[in-house]
Amino acid sequence: MQKTILVTGGLGFIGSHTVVALQEAGYEVVIVDNLSNSFAFVLDGIRAITGILPRFYEGDCNDRDFMQQVFSKEKVEGVIHFAAYKAVGESVAHPLKYYHNNLVSLIVLLELMQQYGVANLVFSSSCTVYGQPEHLPVDESAPILPAQSPYGNTKQVCEEIIRDSVQAGMPVKALALRYFNPIGAHPSAHIGELPIGVPNNLVPYITQTAAGIRPELSIFGKDYNTPDGTCIRDFIHVMDLAEAHVKALDYLLRQDAPSLYDYVNIGTGKGHSVLEVVQTFEQVNGIKLPYKFAPRRPGDVEQIYAKADKAKQMLGWQARRSLDEALRDAWQWQKALKEKGILEKMQKAEANS
Ligand SMILES: NC(=O)c1ccc[n+]([C@@H]2O[C@H](COP(=O)([O-])OP(=O)(O)OC[C@H]3O[C@@H](n4cnc5c(N)ncnc54)[C@H](O)[C@@H]3O)[C@@H](O)[C@H]2O)c1
């Protein structure tokens with residue numbers, strides 16, 4: 001009997017790839033998304049890969065009545081909670097918007113999980129909880145530093161909300177996955193990252209520059225204390241990250257304890273500099289990118305990459321795909337956006353909303 005998993009934010013970047021990985025692992029998927037940062041046509045991309053159209057409920061995770069209807073209709077056995085706002089800069093300008101969306105959605109979810117006896121929760125956390133760690137690679141025992149932004153703070157507080165609920169005896173088994181930097185796209189180019197407006201992240205900015213949508217890429221800071229002076233990050237292929245969610249869910253479903261809370265780094269264990277990523281993109285795709293160096297961006301840590309041993313031991317998961325692969329897949333996706341008319345679909349969906 002297939003287990004039904006509720007994926008909130010399942011039409012977003014990481015969510016959509018995770019839906020594919022869940023379906024391929026034999027789970028039945030139900031998606032809740034309010035399309036605030038995604039499009040309904042992502043469902044077509046998912047079906048093109050797996051042949052299965054997941055059930056989709058359009059609505060807001062903060063809307064208790066709506067969420068209650070989903071829980072009462074579906075026999076949910078696990079939840080993966082991606083739905084959140086994620087733009088660091090915007091969170092500084094609009095903190096309440098971020099605290100409201102990211103905290104209330106989790107609280108509503110936990111209350112309904114308790115009410116409907118749903119025991120398993122995988123939560124999207126982030127390596128931002130570590131700030132600039134003293135020791136690299138950073139492992140899960142590193143201290144949680146004061147958050148640099150309201151967005152980062154929502155991830156810390158959400159982890160605390162889950163931890164406190166479990167400590168208080170709520171019958172939930174929960175894992176917070178602390179993602180490093182997800183990049184790339186599904187190798188079929190049927191789904192990928194769809195940033196609305198000017199991208200905040202490096203790789204979509206690179207692919208849009210390569211496609212001629214942006215005139216030039218800015219690399220923020222060339223005077224960091226790193227071998228080439230640019231920031232270092234742990235870039236993880238989004239399909240590796242998606243598969244980590246399946247492993248996390250499998251793990252929770254195997255646990256006999258009625259409640260548990262733990263947190264795990266999900267990264268490759270390798271750091272690559274921003275300049276290295278730009279040069280690798282050029283190399284693997286045979287494209288010359290126009291780029292310049294710009295001043296440091298406030299809030300960027302100098303370098304961070306994961307010690308990912310806990311994920312290997314606990315979940316039996318490790319990243320398998322290379323940076324080359326991720327950057328090739330990202331470029332194929334950018335090209336598909338044009339070839340498959342996805343940019344036009346985006347414009348149409350935005351005009352209709
Ligand atoms: N992408 C990253 O670099 C990164 C890194 C660390 C953690 N995360 C976290 O992972 C999760 C997924 O990130 P992503 O990159 O896929 O983002 P995304 O914006 O592509 O996906 C989030 C999805 O959630 C939906 N959503 C937002 N608020 C909602 C609400 N109240 N109700 C229903 N749907 C809602 C959006 O429409 C979108 O489809 C987020 O929680 C994010 O904070 C992302």
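Colleague: Which residue meets Arg-64 in a salt bridge?

Modeller: Bear in mind that this is a predicted model. The side chain of Arg-64 meets that of Glu-111, with an N to O distance of 3.3 Å.

Colleague: How many salt bridges turn up in the whole structure?

Modeller: A search of the whole structure gives 15.

Colleague: On to the ligand. Which residues come nearest to the ligand?

Modeller: There are 27 residues around the ligand, and the nearest are Asp-33, Asn-37, Ser-38, Asn-101 and Tyr-151.

Colleague: What is the distance from the side chain of Asp-33 to an oxygen atom of the ligand?

Modeller: An N or O atom in the Asp-33 side chain is 2.6 Å from a ligand oxygen atom.

Colleague: How much of the ligand does the protein bury?

Modeller: The ligand taken alone exposes 830 Å², and 95% of that is buried by the protein.

Colleague: Which elements supply at least two residues of the shell, and which one gives the largest share?

Modeller: The elements that each supply at least two are α1 (13–24), β5 (120–126) and α6 (150–167). The largest share, three residues, comes from β5.

Colleague: What is the make-up of the shell by class?

Modeller: The shell around the ligand has 11 nonpolar, 12 polar and four charged residues.

Colleague: Changing topic. How many cavities of 30 Å³ or more are there?

Modeller: The search of the whole structure finds one. The largest cavity holds about 40 Å³ of space.

Colleague: What lines the largest cavity?

Modeller: Its lining consists of His-81, Phe-82, Ala-83, Ala-84, Asn-102, Phe-123, Thr-154, Lys-155 and Cys-158. By class, that lining has five nonpolar, three polar and one charged residues. The element that gives the most to it is α6, with three residues.

Colleague: And pockets? What is the volume of the second largest pocket?

Modeller: About 300 Å³ of space lies in the second largest pocket. It is lined by 21 residues, of which Pro-195, Gln-208, Leu-337, Leu-343 and Met-346 are the closest to its centre.

Colleague: Which elements give two or more residues to that lining?

Modeller: Those are α7 (202–210), α11 (323–339) and α12 (342–352). The lining of the second largest pocket has 12 nonpolar, six polar and three charged residues.

Colleague: Last topic, the backbone. Is the peptide bond from Leu-136 to Pro-137 cis or trans?

Modeller: That bond is cis, with omega near -5°. Pro-137 has its place in the loop between β5 and α6.

Colleague: What about phi at Leu-35, positive or negative?

Modeller: Phi at Leu-35 is positive, about 60°, although Leu-35 is not a glycine.

Colleague: Where is Leu-35 found?

Modeller: Leu-35 is in the loop between β2 (28–33) and α2 (42–50).

Notes: Residues are numbered from 1 along each chain as its sequence is written. This is a predicted model: local features need pLDDT of at least 70, side-chain atom pairs count only at pLDDT 80 or more; totals for chains, interfaces and linings use all residues. Side-chain values use heavy atoms; hydrogens and water are left out. A residue is near a molecule or strand if one of its heavy atoms lies within 4 Å of it. A polar contact is a pair of N or O atoms within 3.5 Å; within protein, one must be able to donate a hydrogen and the other to accept it, and residues adjacent in sequence count only if both atoms are side-chain atoms. Accessible areas come from the Shrake-Rupley method with a 1.4 Å probe; for residues, only the protein chains shown count as cover. Helices (H or I, at least four residues) and strands (E, at least two) are DSSP runs, numbered from the N terminus. Ala, Val, Leu, Ile, Met, Phe, Trp, Tyr, Cys and Pro count as nonpolar, Asp, Glu, Lys and Arg as charged, and the others, Gly among them, as polar. On a 1 Å grid over the protein atoms alone, a cavity is a set of points where a 1.4 Å probe fits but cannot get out, and a pocket is an open set with protein on both sides within 12 Å along at least five of seven lines; lining residues have an atom within 4 Å of a point. Grid points are joined across faces, edges and corners, and a volume is the space filled by probe spheres set on the points. A salt bridge is a side-chain nitrogen of Lys or Arg within 4 Å of a carboxyl oxygen of Asp or Glu.
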